[in-house]
Amino acid sequence: GKKKKTKMSRKEAMEKLKSNIKRYFDAYDTNGDGTLSYDEVVTATKKLLGNCDLTAEQINNYCTNMFKGTDTNKDDKLSFIEFFGDMSKTIPDEFIDDIPKAQQYLDGLTKKLKE
């Protein structure tokens, strides 16, 4: 029989993805100050969603909720640690089991933000 591959923990997987997530975070951070403002999150979200059917209001609601949930110290900025912590909770299990797929996906998003 096939030997079952032991699954790595979410924490281990996130460590492997850290550099990809950092590049993704940096692509959001258009003014390069090392934190994400609400406006940077909105701009990035619009870019990532492209020409989807969401209204500006829906996008703003989504960003507001995401921002509130991620900004754990409530300083109205997202640090990389906060962003990474949020990604750790929200990244799908299928990516935890397939690191190359996750890296490809994150790098694809990063590329999209830099266009």
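This is a predicted model: local features need pLDDT of at least 70, side-chain atom pairs count only at pLDDT 80 or more; totals for chains, interfaces and linings use all residues.

Reader: How many aromatic pairs turn up in the whole structure?

Author: The search finds eight. One of them is Phe25 with Phe83. That pair is edge-to-face, 5.3 Å centre to centre, with 65 degrees between the planes.

Reader: Where do Phe25 and Phe83 lie?

Author: Phe25 is in helix α1, residues 10-28, and Phe83 is in helix α4, residues 80-90. The pair therefore ties together parts that are 58 residues apart in sequence.

Reader: Are Phe25 and Phe83 buried or exposed?

Author: Both Phe25 and Phe83 are buried. Phe83 has 3% relative accessibility, and the cut-off for buried is under 20%.

Reader: What about Tyr28 and Phe83?

Author: Tyr28 and Phe83 are also an edge-to-face pair, at 5.3 Å centre to centre and 70 degrees between the planes. Tyr28 lies in helix α1 and Phe83 in helix α4, so this pair ties together parts 55 residues apart in sequence. Tyr28 counts as buried, at 5% relative accessibility.

Reader: Which residues do ring pairs link into a cluster?

Author: Tyr24, Phe25, Tyr28, Phe80, Phe83 and Phe84.

Reader: Switching to charges. Which ring does Lys18 lie over?

Author: The face of Phe84, at 4.8 Å from the ring centre. Lys22 lies over the face of Phe80, at 5.6 Å from the ring centre.

Reader: And salt bridges, how many?

Author: Five. Among them, Glu15 meets Lys18 at 3.7 Å, N to O. Glu15 and Lys18 are both in helix α1, three residues apart, about one turn of the helix. Glu15 is partly exposed at 47% relative accessibility, and Lys18 is partly exposed at 32%.

Reader: What does Lys22 bridge to?

Author: Asp26, at 2.7 Å, N to O. Asp26 and Lys22 sit four residues apart in helix α1, about one turn of the helix. Asp26 is partly exposed, at 37%, and so is Lys22, at 34%.

Reader: Which residue does Lys101 meet?

Author: Glu94, in a salt bridge of 2.8 Å, N to O. Lys101 is partly exposed at 35%, and Glu94 is partly exposed at 44%.

Reader: Last topic. Where is Leu109 found?

Author: In helix α6, residues 99-114. Leu109 counts as buried at 15% relative accessibility.

Reader: What does Leu109 touch?

Author: Leaving aside residues up to four places away in sequence, Leu109 touches Tyr24 and Leu48. Tyr24 is one of the residues in the ring cluster.

Note on methods
Residues are numbered from 1 along each chain as its sequence is written. Side-chain values use heavy atoms; hydrogens and water are left out. Rings of Phe, Tyr and Trp (its six-membered ring) pair if their centres lie within 6.5 Å; planes under 30 degrees apart count as stacked, over 60 as edge-to-face and the rest as tilted. Helices (H or I, at least four residues) and strands (E, at least two) are DSSP runs, numbered from the N terminus. Buried means under 20% relative accessible area, exposed over 50%, partly exposed in between (1.4 Å probe, protein chains only). A charge sits over a ring if NZ of Lys or CZ of Arg is within 6 Å of the ring centre and within 35 degrees of the ring normal. Contact means heavy atoms within 4.5 Å. A salt bridge is a side-chain nitrogen of Lys or Arg within 4 Å of a carboxyl oxygen of Asp or Glu.
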